[in-house]
Structures are given as C-alpha cells and as structure tokens.
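Here are a few friendly notes to read alongside the model. They cover ring pairs first, then a helix packing.

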Amino acid sequence: MDEQIVRARDTLIDPALTAEKRVHEARKRFKETRALIRLVRDPLGEQFAHENAWFRDAGRDLAAARDADAMVEALEKLELPKATANRARKVLDAQRKEHPPLEPIIANVVDQLVVAQGRLGLWPAFEDSFDTIAGGLVRTYRGGRRFLGVPRGSSGDAGRGTPRNRGTPRNSSEDLHEWRKRVKEHWYHAQLLRHVWPEMMKAYAEVLSDLSHALGDHHDLHVLRGLLGDMPAVVKAIDARQAELEAKAVAIGARVYAEKPDAWLARMRKYWKAWLRTSR
C-alpha cells in the first residue's frame, strides 16, 4: 500500500510527463490501491470505508482530464469518414477547453497523499496467511461472475438486460460498466497472486486484461455517444463497435468465471499452499 501511494505521488510530480499523462498514470495507481484495499476488506474493519472513499474521491478529482482524452481515443478507434471524424473531434476539443486547470487539482491531491500515507500507521496488524485475503478474493470473483449474464441480447443505450441473480433490469451500458469494475479488481488481484504460479497467473492476468479493456472501450463509447448523439454516422459506428465488444466480453467472461466462487477460491488456496511448500 505504501509503495502504491509513493508511486502515485512520484507520478503526479514528475516534470518529464505532461499533466494529462501524470493524471492518467496516477488514476491507475488509485484503482490498484482500491483493489488492494478490497483484498483486505475484512481484516481492515472500519478503516475500509474511510480508505475506499478517500481514494475513490481522489480519483474522481483527477477524472475530468483523463475522460476527455479517453473520448478522443475512443473516437479515433472508430471507422469514420474523415469529414465526420474531423467534425466530431472539433466538438470534443471545444468541450475539453471547458475543464478547469489541472495543476491546482494535482497539487491538492499530492498534498493529500502525504496524509493518506500517514494513515497506514492506523491500520490493524494482519495475519500473514491466505485467510487474510480469502474474503476479498472470493468477493471480487463472485461480484464479477454475477454480472456475466448481462450483455446478452442488448447493445448500446437501446437494450436492457437482466443481471443473473439480481432484481430489476437496468441499462446494459451501466451493467457493463459495473462489471468492468469487478473485472478490473479481479485482474489486479490476479497480478498480486502472480508468484503462486507465475506461468499460469501471468496468462490468467493477460486474459483478464483483455476482458477489462473490452469493457472499458465499451464504456468510453457509451460516454462518447452521449456527447455526439446528434451525429447519426458516429452513433451508427458506436453501436456496431459496442456489439462487437459485448460479444468479445461475453466469450472471455464465460471462461474466466466458469468455476463457482468457492471452487475457484479453493483452487487458489491450493496454489498458495503449494507455493509456500516449494519456495522455502
């Protein structure tokens, strides 16, 4: 946790990077940090809510600049006529100019990271065992698996899907965005477990990365659609690409979440024990 905070702070004050790049990299660290917090949610106790909310809000403070860049990147991935792409880019550029200056926001977050680092001394002691992280691991895996049935039969803003084992139907794009959060946390957890079986866990993490990026691209297009919804050619291209991304996500997700949560956790526990036996 300390390493992640230091990395985020060093990135935000790196003079070799543009403000936009610093924000982008720091937000990655914040997402990784929140995944780490969720991994030890149970033993962290009451401290969890405070830490999770703090890093969530810090990431949101930096979000506007990155979201603007993400929209441009999403637009560039679409196969659009040159004239249409140029017109859409002008709309996005005009919106980017409305965002507040980044440097004061960055400076405030840097100052607050010092406080966050100091709070680590308030954390309870954790037992050095698999049980310390077991609850966080299986909770995140179960959360991702719960959303698996959402994408089928829906696309863009028009469709609505019913999440498996959940209540009332919700917008597909919203469900996919929530699914991506759980997938990304699971991806970070898989990276933290890489030592238990490097060859297998590295490949597993790469698959989760593909799934996370497919869902992330889908969400960026959903936001882009809201900004450029009055341009029919752009909307048509977005809908087509979102359908492709949904199909890809479902295909990968069906394999990633093939096991029931308890069975998956039991397998990870066995890898952990085997690693401890062979690494000493």
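1. How many aromatic pairs does the count come to? There are nine aromatic pairs, where rings of Phe, Tyr and Trp (its six-membered ring) pair if their centres lie within 6.5 Å, with planes under 30 degrees apart counted as stacked, over 60 as edge-to-face and the rest as tilted. Because phenylalanine 130 sits in helix α8 (residues 130–146) and tryptophan 272 in helix α12 (residues 261–279), the pair ties together parts 142 residues apart in sequence. Helices are DSSP runs (H or I, at least four residues) numbered from the N terminus.

2. Phenylalanine 130 is buried at 4% relative accessible area, and tryptophan 272 is buried at 15%; buried means under 20% (1.4 Å probe, protein chains only).

3. Tyrosine 141 and tyrosine 257 make a tilted pair, with centres 5.2 Å apart and planes at 50°. Tyrosine 141 belongs to α8 and tyrosine 257 to the loop between α11 (232–256) and α12, 116 residues apart. Both tyrosine 141 and tyrosine 257 are buried.

4. Phe30, Trp54 and Phe55 form one aromatic cluster.

5. The axes of α9 (residues 172–192) and α10 (residues 198–227) come within 9 Å and cross at roughly 155°; axes are lines fitted to C-alpha atoms over the stretch in contact, with angles from 0 to 180 degrees between N-to-C directions. The two helices α9 and α10 are therefore roughly antiparallel (over 145 degrees).

6. On method, this is a predicted model in which local features need pLDDT of at least 70 and side-chain atom pairs count only at pLDDT 80 or more, while totals for chains, interfaces and linings use all residues. Residues are numbered from 1 along each chain as its sequence is written, and side-chain values use heavy atoms, leaving out hydrogens and water.

Terms used: Buried < 20%, exposed > 50% of the residue type's maximum accessible area, 1.4 Å probe, protein only. Parallel < 35°, antiparallel > 145°, perpendicular 65-115°, else oblique.
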